[in-house]
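Please look over the model below before reading these notes. They are written for someone new to reading structures.

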Amino acid sequence: MRIEAQGLNMRLGRREVLRGLDFVAHAGEMTAVIGPNGAGKTTLLKVLAGLLVPGAGTVSLDGRALTDWLPRARARSLAYLPQERVTHWALSARAVVALGRLPHQPMGAGESPADRHAIDAALAAMDIGHLAARPVPEMSGGERARVLVARALAQEPAALLADEPAAGLDPAHQLALFHHLTALASAGRTIVVALHDLSLAARFCHRIVLMQAGRSVAAGVAGEVLQSEHLAAVYGIAAQYTRVEGIPVVLVADVLP
Amino acid sequence: MRDIPGRLGLEPSYLLAALAAMAALAFIMSLSVGPSGIGIDAAGEARTLIFYEIRLPRAVLGTLVGGALGLSGAALQGYLRNPLAEPSLVGVSGGAALGAVLAIHLGLSHLLALALPIGGLAGAAVAMLAVVALAGAHGGPVTLILAGLAVSSIATALISLALNLSQNPFASVEMVLWMMGSLADRSLTQLWISAPFILLGCALLLTVARALNALTLGEDAASSLGIDLRRTRLAVVAGTALSVGAATAVTGIIGFIGLIVPHMLRPLAQYRPGLLLPASLLGGAAMLLVADVALRIVQPWVELRIGVLTALIGAPFFVWLVLKTRAELAP
């Protein structure tokens with residue numbers, strides 16, 4: 001599914017959060033949205049998910065305006081993982097993951113075999129099969145984060161918008177998550193992740209969009225976007241895009257004076 | 001669902017079947033127990049009269065009112081994601097009480113017996129419109145609670161004013177007694193005018209089950225799962241106003257059922273807010289019917305009103321809930 005946005009303007013209170021932003025994410029690719037705090041990454045993802053209505057500009061999914069999609073149909077094609085790891089009530093991990101199947105279930109219907117398969121696959125992908133019966137509030141922050149990622153995976157969407165999916169995960173589970181997202185992209189899905197970890201973006205993402213103050217400063221492959229000049233101008237850091245044992249990384253040396 | 005070893009919780013269909021059986025049993029008890037023990041202490045025409053004019057309306061009203069209170073409590077707790085939420089929180093009970101008190105104060109209830117429930121219904125409707133207008137179209141749960149509190153305070157103030165200005169001591173007593181809540185001596189006519197509103201409100205509340213499940217993940221995630229949050233909020237507010245407003249209009253204020261029932265059933269429903277809706281509907285009906293039967297059993301010794309009984313049980317329960325919440329929040 002191709003996600004495209006043009007000329008997005010968004011005002012939250014008195015602050016202009018998005019200013020004439022263009023964005024595109026293609027099927028079969030993982031696209032990273034990076035930028036310093038307050039650059040507008042979360043707002044962009046919420047606008048793309050249809051949760052916020054932009055002051056100006058358009059969003060389309062596969063060429064069809066987002067506003068023309070019925071909410072249920074949109075939810076079957078597009079999943080959104082919020083940055084805040086919210087779960088109310090003491091639901092079990094499995095019950096939380098099962099919520100991802102809501103858009104696929106007709107009113108009043110129980111779990112179908114397809115639902116069960118998707119839930120089990122999502123639990124396995126996030127390595128939480130053994131925690132399925134545990135109440136989510138009793139889990140550690142990282143385990144809870146994995147449960148919520150699994151919820152979005154269980155939705156089996158054509159496109160996944162994930163806001164900081166790696167935050168709070170240990171290195172092994174961060175890698176496992178990104179390997180899984182890469183596999184989903186290879187299978188033709190559209191993956192968009194807002195990220196702070198530049199090395200994860202460099203290593204796994206086909207395209208990177210660098211944002212600053214509501215605008216897209218650079219967009220393209222890692223080698224182009226993660227140039228030292230860009231990182232210095234946007235983040236105010238001395239950093240270098242390089243490879244260690246063949247793996248792309250961004251080495252951050254220092255904060256610029 | 002295969003899972004949850006070591007946790008309370010039944011297969012949903014078993015849970016609902018068990019609760020339905022309890023409610024049915026309580027209904028039969030309500031029909032058969034009177035102030036003079038089991039059975040009806042009369043014969044012939046009097047017996048028929050007692051059954052159809054006294055016992056049956058009381059049992060049906062208990063079922064409807066208890067169900068409405070339990071269901072709306074579960075819906076409000078699910079929507080507000082707060083286990084301390086209660087139907088009276090959104091101002092509807094206060095509005096209904098004010099409407100009924102005004103009907104007594106202005107002497108309308110003496111001109112027309114139905115003025116009391118009609119006043120209650122009108123009060124509930126006005127309170128609901130005021131809450132919705134005050135909370136705004138886009139406000140979240142917090143603005144709804146604040147708007148409900150504001151409207152409740154206004155209603156309480158005006159009720160006090162009516163009591164204060166009342167010249168007729170009998171009217172004052174009538175107002176105070178009415179506010180205590182009772183299922184006794186309600187006529188079939190009163191049942192007929194309230195039942196459609198209660199049923200319509202309950203039907204509306206039952207439609208939000210999926211939405212409440214999705215809201216477990218917060219508003220953004222629920223919205224991204226295709227849930228219409230505005231429709232959900234409207235259904236919760238209108239459903240509560242219709243069901244609890246109509247119930248309060250006929251019975252007076254019966255508190256705490258909407259707080260206690262969802263709370264007791266939540267672990268059995270595996271904490272799923274959607275499943276808790278029908279469970280609390282059945283559980284609320286069973287609980288109010290049993291409480292009402294208990295009142296009739298003690299009636300020869302002490303004349304208790306049901307609103308007083310539920311408050312006596314409910315208030316300590318609320319204290320316990322606060323202590324439990326405090327312990328959970330403690331570091």
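This is a predicted model: local features need pLDDT of at least 70, side-chain atom pairs count only at pLDDT 80 or more; totals for chains, interfaces and linings use all residues.

1. Residues are numbered from 1 along each chain as its sequence is written, while chains are lettered from A and ligands numbered from 1 in the order in which they are written.

2. Between the chains, 25 residues of chain A are in contact with 21 residues of chain B; two residues are in contact if their C-beta atoms, placed from the backbone, lie within 7 Å. On the chain A side, helix 2 (71-77), strand 6 (78-81) and helix 3 (93-98) each supply at least two residues. Helices (H or I, at least four residues) and strands (E, at least two) are DSSP runs, numbered from the N terminus. Helix 2 of chain A gives the largest share of that side, four residues. The side of chain A that touches chain B has 17 nonpolar, three polar and five charged residues. Here Ala, Val, Leu, Ile, Met, Phe, Trp, Tyr, Cys and Pro count as nonpolar, Asp, Glu, Lys and Arg as charged, and the others, Gly among them, as polar.

3. In chain B, helix 12 (residues 257-265) packs against helix 14 (residues 306-329) at an angle of about 55°, with the axes 9 Å apart. Axes are lines fitted to C-alpha atoms, for helices over the stretch in contact, and angles run from 0 to 180 degrees between N-to-C directions. Helix 12 and helix 14 of chain B are therefore oblique to each other. Angles under 35 degrees count as roughly parallel, over 145 as roughly antiparallel, 65 to 115 as roughly perpendicular and the rest as oblique. Helix 12 of chain B contributes B:Ile257, B:Leu259, B:Ile260 and B:His263 to the contact, and helix 14 of chain B contributes residues including B:Phe317 and B:Phe318.

4. Helix 12 of chain B is mostly covered, with eight of its nine residues buried. A residue is buried if 20 or more other C-beta atoms lie within 10 Å of its own, exposed if 12 or fewer, and partly exposed in between, with C-beta atoms placed from the backbone. The cover over these buried residues includes helix 2 (44-80), helix 13 and helix 14 of chain B.

5. The axes of helix 3 (residues 92-105) and helix 7 (residues 169-180) of chain B come within 9 Å and cross at roughly 160°. That makes helix 3 of chain B roughly antiparallel to helix 7 of chain B. Their contact divides into eight nonpolar residues, one polar and one charged.

6. The largest nonpolar core has 185 residues; such a core is a set of buried Ala, Val, Leu, Ile, Met, Phe, Trp, Tyr and Cys residues joined through C-beta atoms within 7 Å. Helix 13 (residues 273-298) of chain B gives the most to this core, with 13 residues. A:Ile208 is one of the residues with the most contacts inside it.

7. Two single residues can be looked up. A:His196 lies in the loop between strand 8 (190-194) and helix 7 (198-204) of chain A, and is partly exposed, with 14 other C-beta atoms within 10 Å. B:Leu144 is found in helix 6 (residues 141-165) of chain B and counts as buried, with 25 C-beta neighbours inside 10 Å.
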